[in-house]
Amino acid sequence: MTTLAEKRSLALAKAQAFVRTRKVGVLLQIFFCCEVCFIICCHSRMHPIISRVSINCDKWYQTMDEKARLMLQDPPSLADGMDRETEKNLRFFGCSLIQEGAVLLKLPQVAAATGQILFQRFYYLKSFLKFRYEHTVMACLLLASKIEEEPRRTRDVYNVFYRLEQLHKLRDSGRVINDDTAARLKPPPLDISYVNTKNNMIKAERRLLATLGFVVHVKHPHKLICAYCFVLRAHHRTDLIQKAWTYMNDGLRTDMFVRYSPETIACACIFLAARTVQPQVPLPDKPRNWYELFDASDTDVHAIALMLLNMYTNQKVRSIKIEKLRSKIEASQKAARAQLVAQKITNEKKKVEEGMYLQVMLKCVTLFKLFGS
């Protein structure tokens, strides 16, 4: 019985003979190459795997284990003193800004969806109070445009969000937004503010990549809606598909894309759309519900439907000011840094005093020896 090393050497010898002679056929050439590759692969399996990096985007679904459930219950922003309602409104407002910015940048909807999902993922790992959502919003849209192969310049992204900021200020002041008002808006000046914001955007993009571990690809369930409707023989109801598609795009403002898989979300959107379109679309529920065919549970489908309905019933958030909370966090951070500096100075003083005491003692001992002798 030949060993693996002997098989490997035999295969290599055959390959070398083939190269020298070049008189064998194409089939034998393919056979020899496959045999060499197979033996080399078997030989490589004998070596241990030094490291392994998970690049599967399924790890972002936060309903798998107890640690993920705790992360959903207590996001990092709550630990810094922010209440749950403000944190939820900030997520909604940030995703709305990304959607509006994608429209102004003429990006496809898939890029807007990717940016919103990245925004949701990031702030389940970082706090709103420690990292400004304004910079993160721009970074998410900038990175999403690159991921979906529709890149935009940082200058264009800055111009769009500068315009959105002006529009939100006019809306908060009570003025009516129309074509004349929008035409009077001035472009951003190229001053130090532009340079600082651009640098912060680039830093936020790098921070986003580092925080997410470069796992930034997203599985979008939009295509699944059309496929599932075709399986259910409801593809002729274009209003059903359009309604489910709308629910899915609006659901990007919630964190359901972090909680559930794309298949479950697609089933929930079809489930809700079938009950809201007129006339309603009857879907099979006997002997079992139709969405169980696509590995979606009854609990998850109803939870997503309620999440979407609650999003529509709540009042839309226009802008959120969290400067007070930020100033509180910054003050606590400054106090902590000052305490560390004071502790360091105290330790250094103690060391200096101890050193001086030792020097005095050594001098005393030296003098005692001199005069004592």
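**Entry 1**

I started at R152, which counts as partly exposed because its relative accessibility is 21%. The cut-off for buried is under 20%. I keep in mind that this is a predicted model.

I then looked for a charged partner. R152 forms a salt bridge with E150. The closest N and O atoms are 3.8 Å apart. The limit I apply is 4 Å. E150 is partly exposed too, with a relative accessible area of 32%.

**Entry 2: other salt bridges**

How many salt bridges does the structure hold? I find nine. Side chains of opposite charge can pair when their charged atoms come close.

I looked up D239 and R237 next. Their side chains meet in a salt bridge, at 2.9 Å from N to O. D239 is partly exposed, at a relative accessible area of 30%. R237 is buried, at 17%.

Then I took E292 and R288. Their side chains also meet in a salt bridge, at 3.9 Å from N to O. E292 is partly exposed, with 34% relative accessible area. R288 has 63% and is therefore exposed.

**Entry 3: helix α6**

Does the length of α6 fit its residue count, or depart from what 1.5 Å a residue predicts? The helix runs over residues 109-122, which makes 14 residues. The expected span uses one less than the number of residues. At 1.5 Å a residue, α6 should therefore span 20 Å. I find its end C-alpha atoms 20 Å apart, so the two agree.

I checked the cover next. α6 is mostly covered, with twelve of its 14 residues buried. The buried residues are A111, A112, A113, T114, G115, Q116, I117, L118, F119, Q120, R121 and F122.

What covers these buried residues? The cover includes α5 (84-104) and α7 (133-147). It also includes α10 (192-212), α11 (222-231) and α13 (256-259).

**Entry 4: aromatic rings**

I went on to the rings. The structure holds 13 aromatic pairs. One of them joins F122 and F131: the ring centres are 6.1 Å apart and the planes stand at 75°, so the pair is edge-to-face. The cut-off for that class is over 60 degrees.

F122 is one of the buried residues of α6. Its relative accessibility is 1%, so F122 counts as buried.

Which residues do ring pairs link into a cluster here? I list F119, F122, Y123, F128 and F131. F119 is also among the buried residues of α6.

**Entry 5: T197**

I looked up T197 in helix α10. α10 is one of the elements that cover the buried residues of α6. T197 counts as buried because its relative accessibility is 15%.

What does T197 touch, leaving out residues up to four places away in sequence? I find M138 and Y158. T197 and M138 are 59 residues apart in sequence. In space they are 9.8 Å apart, C-alpha to C-alpha.

**Entry 6: backbone exceptions**

Most residues other than glycine have a negative phi, and most peptide bonds are trans. I searched for departures from both.

K106 has a positive phi, near 60°. The residue lies in the loop between α5 and α6. K106 counts as exposed, because its relative accessibility is 72%.

E149 also has a positive phi, near 60°. E149 lies in the loop between α7 and α8 (154-172). Its relative accessible area is 68%, so E149 is exposed.

Then I took the peptide bonds. The bond from Q278 to P279 is cis, with omega near -5°. The bond from K286 to P287 is cis, with omega near -5°. Where do the prolines lie? P279 is in the loop between α14 (262-276) and α15. P287 is in the loop between α14 and α15 as well.

**Entry 7: a nonpolar surface patch**

L309 counts as partly exposed because its relative accessibility is 37%.

Which residues form a nonpolar patch on the surface with L309? I find L306 and Y312. Together the three have about 280 Å² of accessible area.

Terms used: Residues numbered from 1 in each chain as written. Predicted model: local features only at pLDDT ≥ 70, side-chain atom pairs only at ≥ 80, totals over all residues. Heavy atoms only, no water. Helix = DSSP H or I, 4+ residues; strand = E, 2+ residues; numbered from the N terminus. Buried < 20%, exposed > 50% of the residue type's maximum accessible area, 1.4 Å probe, protein only. Contact = heavy atoms within 4.5 Å. Patch = residues over 30% accessible without salt bridge, like charges linked within 9 Å, V, L, I, M, F, W, Y side chains within 5 Å. Areas by Shrake-Rupley, 256 points an atom, 1.4 Å probe, with all protein chains shown as cover. Phe/Tyr/Trp six-rings, centres within 6.5 Å; stacked < 30°, edge-to-face > 60°.
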